[in-house]
Each structure stands twice: as C-alpha cells, then as structure tokens.
Amino acid sequence: MTGSILEIRDLRVAFTGAAKPVRAVDGVDLALVPGEVVALLGESGSGKSVTLRSILRLHPENKTRIEGSIVAAGIDVMALSGAALADFRGKTVSMIFQEPMLALDPVYTLGAQITEAIRKHESGVSADAARKRALGLFERVRIPSPERRLDSYPHELSGGMRQRAMIALALACNPKVLLADEPTTALDATVQVQILLLLRELQRELDLAMIFVTHDIGVGVEVADRIAVMYAGRIVEIGAVRDVIRAPRHPYTIGLLSTRAQGGRLSGKRLPTITGSPPDLASLPPGCAFAPRCSSATSACLEAAPAAVELGHGHAVRCIHTAAVA
Amino acid sequence: MKDENASAPLLQVRGLVKHFPVKKNLLGRTTSFVSAVDGVDFDLRQGETLGVVGESGCGKSTTARLLLHLIEPTAGTIRFGGRTVGSVALPLKEFRRQVQMVFQDSYASLNPRLTVEESIVFGPMVHGIARHVAQARAHALLERVGLDPVRFAGRFTHELSGGQRQRVNIARALALQPRVLVLDEAVSALDKSVEAQVLNLLLDLKGEFGLTYLFISHDLEVVRFMADRVLVMYLGRVAELAPTEDLYTGSRHPYTSALLGSLLSMDPDRRTVAAPISGDPPNPIDPPAGCRFHTRCASAQAVCAKGAPGLAAHSREHWVACHMFDAGSGHGSAPAKAA
C-alpha cells in the first residue's frame, strides 16, 4: 500500500526454545496510514502481542525465528541492528505496556528517565531543555503538579498516574507510530476511561498511527478506526469498526461478540458460548485453526488455511464459507 | 437449622472491620493502618447470588477472606445459619465445610505436586470421609464440571489450561458439599470465550446443588449477568446495595453512577466523550474524612467532608450510603426530614 506509515507483510514468528517450535504468528499482513488507529483484538495466545513486539524487534534473537517484512516510516525494520535499532526504538516507533511498574525503571525519577530518552535520541539538547520538554509532556498527559511529579519515583504514583507517565515517556521523542499493548487492562474501570480518552486525544493531536492490542472488544470500539481480530497467529477478520461490530462475518468474531454478558440476564438465560479452547500453537492443524471449535465447519475447512476474502470497503475475512454467503 | 426461617439470612455480617498495620515506630508500635474494610454490614440470603463490585483497594477481596476467617477480622461478627462463626456452636472447621471459596488465580490456588484427583479428594479426607468415597465423589464432580475423569484425574495442574484449572477449583470447592461458594474474581483471568462457559457452569451448578453465591468481580457486565442483588463497595465501605436491575437502571450513589458510566458502549457511534469521574481512588492508608467518596464526587457539599453517611434504606430493598438521600443530613439535595 502506498502512503502507509507502517507495513507488515507475511509476518511469521516462531519461538524455537521448546522441543517443538511454537508458531505464535503465522502470516500477518497489516498496513497503517498516518494517523490511523487499528485495534488488534484477540484472546491470550492469539499472537497479538507477539506481532506488536516484532515491530520493535523485542523478541530474543537466539530463540525466535522471524520471517516476512516490516517497514516503518521507510525503514526496513528487519535489517536494523545495534545502534540503528536502538535509535529506531522510541524515535520512529514507540510502545506503551500493560504494567508501567515493570516498564519504568524503579531507581530513577520519572524526570530523569524522560530527559535521558530525549538526550539519547537527539544530540545537542541540553539537560535544561530536555527537562522543559519533560514538563511539557507531563502537562500534556495531565499529571497534577507536574513539576513535583518529575522528581517522583514510579512507586510514588498511583496506577493511573504511572500509566500517564509512561505515555509521556513513549511520546518524548515524537514517534510516528505508537504501539499500545493492553495499556488499560490493569486499570480500574473509572481510570480506564480516562486513559482511553487521553490516548484518543493525543493520537488525534499528534496525528499518530497507533496499533492498540486488547482482549476487550469494548476498548477496541472506543479507540480504533479499524479492528483486526486475531486467532491462532492469523488475522481472521479485519475491517472498519462499524462493519466488524455490526456485521461480523467470521464465525469466531460472531461468537466473541455474542459471548459477552451484556445487558443483564433475562430469567434463566444462559450465555451463548464458543465450545472448546484455543489450539496448541506447537501443533496447529493444517486447515483453519478455528475449525475444531466452529459450528459451521465442514471437511473442506480442515484441508488448507483459508485465504482472505475481500468483502469491500477493506472488510476481509479468512473463512471459506464467507465467500458463498457474500 | 432444618426449620430455618425462609427470611432469615444464611450469612449475616455485622460491623466487619479489618485494619492492616503498615508502619511501625522505633518501639515497634504500629503507627498507621490500611483500613481495608471499615464497618461492613450485609446479609447473604439462602439461594441468592450476591454480587460485590468495586475498584481495586475497595476491600471486596478482604471481605471475602474475612468471611472465611482466612484472615482475622479486627472487629465484627459473622453469623451463619443463626450461629456465630468460631463459637462453640459453630467451630471454624465446620463452618468452612459449608462455605468454600474459588480464587482468581487458578494456578496459585492448586498444589502443583498433587494430581487433579488428589486435590479434590484432600478436603473431604481431612473432614473424615473415606478415601474411596471421596474418590468416587471427585470423579462424579469432574464429570459434572465438564472434565472427563478418565483423562483428567491423573493430571497435574500445569498440564491444564486456565479454564480447565478453574473447573478443577470449582469441583474441589464442591467436594465438601458446601452451601455457600465465595467466588473471588473467579472468571477474571479467563478469556472471554472460556469465561462464558464457566459462567454457564456456575449457573447450572447453583440450581443443581441449591447453592448460594457471593460473587465478587470488578466486571460490571458479568455481575449483572450473575447476581440477584449487588453490593457496591468504595474504600472499605458499602456505598450501595440493591437488587441487580434496580441498581443498573436506577443507581442512587454518585459512585455507582460513575462506575456504570465507565462501562464502554460497544457502539462506535456512541463513544465515551467525557470520563464520569477524574483521578484515581485515594490511598486507603489515609482515606478522606467524612464520606470517603467526597474528594471525587461532583455533588459533594460541606457536610460530606464532615460526617460519614450511614447505609439508609432508599426503598425497601435499596440501600444507599450518601448524604443526598439521608433526610436531614444537611446536604442541599437531601429530602426534608419527615416530621
């Protein structure tokens, strides 16, 4: 796709540390234009976080086999190494994590961590100037009494404030792409809404492209332009938020949307469920990985992995039964 | 106990308090506390599911642990079927046979060196049931929670998925044939597709064994699905208690309304535009005086910082702890005191 800020092509990631290689990501294609937000939705083990981490090459190299291509802002990510890779991380593509307590360094103040990031990536910035920028960032993410908070250590802040500080750190070097790995999952409901609104506002103001990994469809709907649903290492459905939520076409997406306990219980009603559990990534079936749990599966589903079927307006589904209905 | 009055609560909790010491001075005296639970009253009725919701630090899990005497309460009484727990009439061991708990972390709550069957059999054997009887019961329960005993009885916990482990935990809790299950975030760690399966299982088991549930969760949608009544907690105190649909459609306490307002719409055309409340919950080591919610409450007035509101009946089944609904409290929105 021309004009994309981030393009992932046929990404395959296998972890080779165990006896059998674990195929965590199995052929992911995804492209983002500047200023676009894509929610990568899936359950644990679906490969959503692995895909995200591959973009920053965060996987241990001796135990991981990565194939395919990733191009971010014209940079071939797969070819990077050493200083060039360190420069790329945080400056071109930056990331926020689920647990700020683990992502932030506990022995340095927040101000020190942000000024360090700025001065490492941009030579010639004085310590004073970097501190001023850090203060500006803290105001921007709306941390109360920012001047004082710059001299705080991570453990002195509440969970919501720590998450704001991590967002400030991630934005310190003006990245073009922001990767968010379940940034609100560990937060309370009333705080989660505040962080989602903040991220949405910053993303718009800074025209950031963002991939937002989440297991919560509600969060995806709240922030994203497009939703990509992952299952067993593949994107099984992708499309505009409205299309995916209102007219899901993949049986897995349909199932996920209906299993939500929403709107209370009409007397004695049971929840619709998806039977079974997610597959073992070390021994995936040759066909559609969802087939063993799918109520509309036929013998054809077990033969080969289904190709993506285009339904128009960028809505695509990997299911051989979808074409027949369309 | 056989002729129990239908309206008498199965479990009655009064004035439950738990203070955890956090700081000691040079002489080893404790100088500050976390008041994790601070004067909680509620009843658990025979056969109902009472949902408990609230944010982290509100004391919902501490309440569950206090109920089972896994930690000792600082003050308060717990009565089960009319008898005080821990008294001669109802020793702790007998009480715990009747009230069992399922925890959030399905892995940490099972002994990794025991097989599934050994885990389930352990409790009944401690209570004096013969091994072969306990084993037969374990197999029947495994079958019932959807795990084939032939395949699963001999497995170790690391060989199971999260959903399977939580099924084992449920089977283990049921092995003593309890009357009450305390479910502390029992489905929170599960994926949505597996969560739905376990929720359905819990509904089925409740009907089949005539169980009573205390269902603790941070997930308001799941609680709405499971509970008959809901208890909302904030910083160690009860904010509101009401039948489920009353609460979800007609909440009174500003905190409950903020919690419900934080629910995501699932509708791309009705995205949240403003957060219902700002800031994080305050630190429970030094909670705000008066009503603990007044620092984040849009309707707070001077009276809210002074005195803590008591839990008062708003309607017959709907209880609220808020000065706005307490006649004569001095809050501008409070109804006039009846003559």
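## A charge over a ring

A charge is said to sit over a ring if NZ of Lys or CZ of Arg is within 6 Å of the ring centre and within 35 degrees of the ring normal. In this predicted model, B:Arg155 lies over the face of B:Phe152, at 4.5 Å from the ring centre.

Residues are numbered from 1 along each chain as its sequence is written, while chains are lettered from A and ligands numbered from 1 in the order in which they are written. Because the model is predicted, local features need pLDDT of at least 70 and side-chain atom pairs count only at pLDDT 80 or more, although totals for chains, interfaces and linings use all residues, and side-chain values use heavy atoms, with hydrogens and water left out.

## Aromatic pairs

Rings of Phe, Tyr and Trp (its six-membered ring) pair if their centres lie within 6.5 Å, and planes under 30 degrees apart count as stacked, over 60 as edge-to-face and the rest as tilted. Over all chains, the structure holds seven aromatic pairs. The pair of B:Phe80 and B:Phe95 is edge-to-face, because the ring centres are 5.4 Å apart and the planes stand at 75°. This pair links distant parts of the chain, with B:Phe80 in strand E4 (residues 75–80) of chain B and B:Phe95 in helix H2 (residues 92–98) of chain B, 15 residues apart; here helices (H or I, at least four residues) and strands (E, at least two) are DSSP runs, numbered from the N terminus. Both B:Phe80 and B:Phe95 are buried, a word that stands for under 20% relative accessible area, with exposed over 50% and partly exposed in between (1.4 Å probe, protein chains only).

B:Tyr255 and B:Phe293 also form an edge-to-face pair, at 5.2 Å centre to centre and with 65° between the planes. B:Tyr255 belongs to helix H10 (residues 254–261) of chain B, whereas B:Phe293 lies in the loop between H10 and helix H11 (302–306) of chain B, 38 residues apart. B:Tyr255 counts as buried because its relative accessibility is 0%, and B:Phe293 is buried with a relative accessible area of 2%. In chain A, ring pairs link A:Tyr231, A:Tyr252 and A:Phe290 into a cluster.

## The open sheet of chain B

Eight strands of chain B form an open sheet in the order E6-E7-E8-E3-E9-E10-E12-E11, with mixed pairing; two strands pair if DSSP finds at least two bridges between them. The edge strands, each pairing on one side only, are strand E6 (99–102) and strand E11 (312–315) of chain B. Strand E3 (residues 49–53) and strand E9 (residues 229–234) of chain B pair in the parallel sense over four bridges, and B:Val53 has B:Val232 in E9(B) as its bridge partner.

## A hairpin in chain B

Strand E1 (residues 11–24) and strand E2 (residues 30–44) of chain B pair in the antiparallel sense over 11 bridges, and B:His19 stands opposite B:Ser35 in E2(B). Their hairpin has five residues between the strands, and in it B:Gly28 takes a positive phi near 80°. E1(B) also pairs with E4(B) in the antiparallel sense, over five bridges, where B:Gln12 stands opposite B:Arg79.

## A helix in chain A

The buried residues of helix H4 (residues 110–121) of chain A include A:Leu110, A:Ile114 and A:Ile118. The buried residues of H4(A) pack against helix H2 (82–91), helix H5 (127–140), helix H6 (146–149) and helix H7 (159–170) of chain A, where contact means heavy atoms within 4.5 Å.

Notes:
The expected span of a helix is 1.5 Å times one less than its number of residues.
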